[in-house]
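Dear colleague,

Please find below the structure that I am handing over to you. My notes on it follow directly after.

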Amino acid sequence: MSWLVLGLARSGEAAAAALERAGTEDERLLDAVETVIKSPGVPGEAPLVTAARARGIPVWSEVELGSRLLRNPIVGVTGTNGKTTTSELLGVMLGAPVAGNVGRALTDLDGQVAPERFVVCEVSSFQLEDVHEFRPRVAVLLNLEPDHLDRHGSLDAYRDAKLRIFENQGEGDTAVLPRGFSEVPGGAARVEFDAADPLPAEPRIPGAHNRENAAAAAAAARALGVDASRIAEALRTFPGVAHRLEPVAEAGGVRYINDSKATNTAAAKRAVAAFDAPLHMILGGRGKGESYTELALDLAGRARRAYLIGETAADLATALELAGVDHELSGDLETAVRSAARNARPGDVVLLAPASASYDQFRDFEERGDAFRRLAQELTA
């Protein structure tokens with residue numbers, strides 16, 4: 001079989017390597033290929049993708065390819081926010097490797113994991129657009145809030161992409177859903193969770209949203225027969241992951257918190273709610289077609305000042321002005337951190353929760369978070 005791997009970011013490179021190991025070739029012309037493996041960053045309207053579909057050539061995500069190559073049972077995790085934290089926590093509970101949207105491609109695990117072991121796979125809406133037979137033994141939906149509307153075009157299209165995680169499930173599979181969520185495609189057993197669910201231990205990671213993530217992970221683990229003591233140990237010891245409410249420095253009594261993964265307004269609002277201290281908010285980047293009005297209202301009375309960077313700075317400024325939130329146009333991250341450091345008082349928190357993507361000034365949210373960590377730590381030198 002001939003393959004075309006379209007988009008050579010992490011998942012594309014991993015898919016190409018996996019196909020090479022399997023003895024296939026990476027062809028460059030559609031008339032020589034039978035299947036296209038599309039990286040999640042490549043939109044469905046890209047000319048080669050459109051042409052492939054017009055010719056009846058299947059288009060797969062790297063996750064689809066990985067799930068076909070691996071013989072392992074898969075636990076899939078999706079949702080607007082909290083995917084990586086929940087996936088990594090589940091990995092600890094199950095003693096399982098974690099792959100997918102977390103940064104390690106699913107195809108990287110081909111031949112590396114004993115076939116009876118579970119694999120936890122974080123799955124984005126971009127990856128779910130191009131699944132066909134992907135069937136997690138347990139599929140988790142954490143939440144659904146507006147995100148990536150610049151890519152999907154509408155909330156309904158985004159929702160439809162997310163719900164594809166369930167579409168191939170059947171008897172013997174489990175769908176883990178927020179309590180009261182009405183739609184479940186497929187024939188899986190239904191398990192619900194809520195942030196207020198009793199847990200065998202309270203999670204170490206802070207924030208009401210992280211308790212909700214912990215409840216989802218615990219529900220999935222219980223569905224797979226993991227005992228309460230193992231779930232409790234994971235909850236007590238799991239420290240969280242980088243760029244998600246990550247404490248990175250303390251200088252002059254001011255805490256610096258890196259939540260660079262808060263790339264939409266819902267995530268930024270959850271970060272704000274995690275702190276009682278006065279906030280100095282660093283906001284901005286590349287927009288996703290969202291309104292900033294609700295976030296600005298949440299910051300009224302909570303934020304001493306907001307520091308605005310990137311392409312969305314003007315839109316954020318308008319929303320903050322209407323909400324009566326003090327703010328300044330910092331332009332770039334370094335200027336924002338240094339200005340926040342001058343203005344913050346002992347007991348305050350400087351919080352990077354940009355409510356925007358990073359691609360205008362950084363390669364990705366990790367590079368942005370790493371830069372914030374470095375700038376904050378330089379203040380203590």
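**The sheet and its helices**

Ala 249 stands opposite Tyr 256, a residue of strand E12. Please bear in mind throughout that this is a predicted model. E12 (residues 254–258) and strand E11 pair in the antiparallel sense, over five bridges. Both strands belong to an open sheet of six strands, whose order is E11-E12-E16-E13-E14-E15 and whose pairing is mixed. E11 (246–251) and E15 (327–331) each have a single partner strand and stand at the edges, so one side of each is left without a neighbour in the sheet. On average, and with direction ignored, neighbouring strands of this sheet are turned by 20 degrees against each other.

Helix H13 (residues 333–343) packs on this sheet and touches E12, E13 (279–283), E14 (303–309), E15 and E16 (349–352). The direction of H13 makes about 165 degrees with that of E14. Helix H14 (residues 365–378) lies across E11, E12, E13 and E16, and runs at about 20 degrees to E11.

H14 has 14 residues, and the distance from its first C-alpha to its last is 20 Å, close to the 20 Å expected at 1.5 Å a residue. Its N-terminal end is capped by Asp 364, which places a side-chain oxygen 3.2 Å from the backbone nitrogen of Glu 366. The buried residues of H14 include Phe 365, Phe 372 and Leu 375, and among them are also the charged residues Glu 366, Arg 368 and Arg 373.

**Salt bridges**

A search of the whole structure finds 24 salt bridges.

Asp 130 forms a salt bridge with Lys 38, with the closest N and O atoms 3.0 Å apart. This pair links distant parts of the chain, 92 residues apart: Asp 130 is in the loop between helix H5 (125–128) and strand E8 (138–141), while Lys 38 is in strand E3 (residues 35–38). Asp 130 and Lys 38 are both buried.

Arg 270 and Glu 212 meet through their side chains in a salt bridge of 3.8 Å, N to O. Here too the pair links distant parts of the chain, with Arg 270 in helix H10 (residues 265–273) and Glu 212 in helix H8 (residues 208–223), 58 residues apart. Both residues, Arg 270 and Glu 212, are buried.

Glu 334 counts as partly exposed because its relative accessibility is 41%. Arg 338 likewise counts as partly exposed, at 32% relative accessibility. Elsewhere, salt bridges that share partners join Arg 179, Arg 190, Glu 192 and Asp 197 into one network.

**The surroundings of Val 77**

Val 77 is found in strand E5 (residues 74–78). Its relative accessibility is 0%, so Val 77 counts as buried. Leaving aside neighbours within four places in sequence, the residues in contact with Val 77 include Lys 83, Thr 86, Ser 87 and Leu 90. Also among its contacts are Val 120, Cys 121, Glu 122 and Val 123, together with Val 140, Leu 142 and Ile 165. The C-alpha atoms of Val 77 and Ser 124 are separated by 8.5 Å, although the two residues are 47 residues apart along the chain.

With kind regards

Conventions: Residues numbered from 1 in each chain as written. Predicted model: local features only at pLDDT ≥ 70, side-chain atom pairs only at ≥ 80, totals over all residues. Heavy atoms only, no water. Pairing = 2+ DSSP bridges. Helix = DSSP H or I, 4+ residues; strand = E, 2+ residues; numbered from the N terminus. Axes fitted to C-alpha atoms, helices over the stretch in contact; angles between N-to-C directions. Contact = heavy atoms within 4.5 Å. Salt bridge = Lys/Arg side-chain N within 4 Å of Asp/Glu carboxyl O. Buried < 20%, exposed > 50% of the residue type's maximum accessible area, 1.4 Å probe, protein only. Expected span 1.5 Å × (residues − 1). Polar contact = N/O pair within 3.5 Å; in protein donor to acceptor, adjacent residues only side chain to side chain.
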